[in-house]
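Have the viewer open and follow along.

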Amino acid sequence: MMKFWFHKYSMTPLTTLSAVTGAQVREGALIKVQWPNKKIGFSDLFPWPELGDKKVIYHLQELQKSRLTPLMEQSVYLAKKDAELRSKKQNALSGATRIKNHFLVTDFTKLPESKLYEAKSAGFSTLKVKVGRDWKEEIQWIEKTILDYEFSIRMDFNSQSDFSTFERMISYLPRNLKPKIEFIEDPFPWDYDVWLDASKLAPLAIDNEAEFVDWKKLPDKIPFKVLVIKPARQDVDQAVKKATERHLKMVITSSMDHPIALVGAIRVASELKTKYRIQVLDSGCITHKLYKPDEFSSKLIFTGPYLSQIIGTGMGFDKELENLDWTAIEMKK
Ligand code: MG
């Protein structure tokens with residue numbers, strides 16, 4: 001029989017995280033799973049109530065009834081990868097393809113110029129910026145950032161724009177800078193026709209809106225070029241199948257979740273990059289810096305856009321995980 005334990009934790013954002021999420025303390029749970037073969041793996045469970053997720057407690061209660069919510073299913077999937085590596089005393093970077101990440105800016109109004117300079121010097125080539133609050137201020141900042149630092153830009157609206165704002169924003173940008181827009185993610189709620197019009201103005205990526213797409217009825221002409229895959233939130237095999245069938249590029253990202261989940265996302269990205277190469281673009285897994293540092297995040301060692309070292313086996317943090325208080329989940333039959 002499988003056994004489960006949890007440890008609840010919280011993380012405090014340093015600024016607002018997107019146009020739809022504020023800066024309030026976020027709650028998640030670390031999950032420990034033991035398989036009948038005695039292998040043990042760890043992962044994270046990190047709901048986003050703003051996106052319609054139930055809170056942590058709900059997922060734990062369902063587990064008690066031997067039911068896995070989709071979010072918990074992904075936790076178990078990642079814990080399994082962790083367990084396999086741990087049992088071989090390997091860690092997520094052992095023999096893995098290196099994964100380059102984008103530089104994430106959740107609130108550019110709070111970003112000192114020096115951070116952009118540092119990011120450029122450290123080797124980041126892609127910058128992702130959360131937009132959808134004040135389009136004019138945003139596009140002016142983007143224009144300046146492209147001119148000064150030559151980053152490729154990913155914009156993420158978290159569905160907070162509308163077509164006319166989107167159109168005005170794109171047309172504001174000088175023609176010669178447009179190729180620097182790698183893609184625009186979730187500009188507004190999914191609607192095939194509106195997305196198709198938008199895709200004529202700039203390349204689009206789909207993230208959370210992908211769940212509203214009827215993939216079976218989707219015409220051959222697809223309005224987006226990139227599928228964002230979050231291993232903590234989506235069935236990876238199914239997402240990859242969609243991407244390969246439809247010739248979409250893939251961007252693997254963490255879910256602004258616990259550092260152990262961030263390492264898990266990088267591991268998945270690495271496995272996919274090994275297999276699909278150019279179809280897998282720069283990832284978005286450097287999200288631990290959005291929160292106040294803690295004993296986990298301070299152990300992650302990045303060299304510019306690359307995770308260069310993790311201490312321990314599996315997704316890392318052997319000592320830290322051992323020192324936590326774990327509560328066993330009593331499964332009701
Ligand atoms: Mg997104």
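Let's start with a pair of strands: β2 (residues 26-34) and β3 run antiparallel and are joined by 6 bridges. Within this predicted model, Ala29 stands opposite Leu45 in β3. Strands of a sheet pair through backbone hydrogen bonds, in either a parallel or an antiparallel way.

Zooming out, β2 and β3 belong to an open sheet of 4 strands, ordered β3-β2-β1-β13 with antiparallel pairing. Its edge strands are β3 (40-45) and β13 (327-328), each of which pairs on one side only.

Two helices accompany this sheet. Helix α1 packs on the sheet, while helix α2 lies across β1, β2 and β3. The table sets out their directions.

| Helix | Residues | Strands | Angle |
|---|---|---|---|
| α1 | 56-64 | touches β1 (3-11), β2 and β3 | about 25 degrees with β2 |
| α2 | 70-87 | lies across β1, β2 and β3 | about 145 degrees to β3 |

Is Ser43 buried or exposed? Its relative accessibility is 3%, and the cut-off for buried is under 20%, so Ser43 counts as buried.

What does the side chain of Ser43 reach? It comes to 2.7 Å from the backbone oxygen of Ser75. Leaving aside neighbours within four places in sequence, Ser43 is in contact with Ala29, Leu30 and Ile31, with Ser75, Val76, Leu78 and Ala79, and with Ile260. Among these partners is Ala29, the residue that stands opposite Leu45.

Note on methods: Residues are numbered from 1 along each chain as its sequence is written. This is a predicted model: local features need pLDDT of at least 70, side-chain atom pairs count only at pLDDT 80 or more; totals for chains, interfaces and linings use all residues. Side-chain values use heavy atoms; hydrogens and water are left out. Two strands pair if DSSP finds at least two bridges between them. Contact means heavy atoms within 4.5 Å. Axes are lines fitted to C-alpha atoms, for helices over the stretch in contact, and angles run from 0 to 180 degrees between N-to-C directions. Buried means under 20% relative accessible area, exposed over 50%, partly exposed in between (1.4 Å probe, protein chains only). A polar contact is a pair of N or O atoms within 3.5 Å; within protein, one must be able to donate a hydrogen and the other to accept it, and residues adjacent in sequence count only if both atoms are side-chain atoms.
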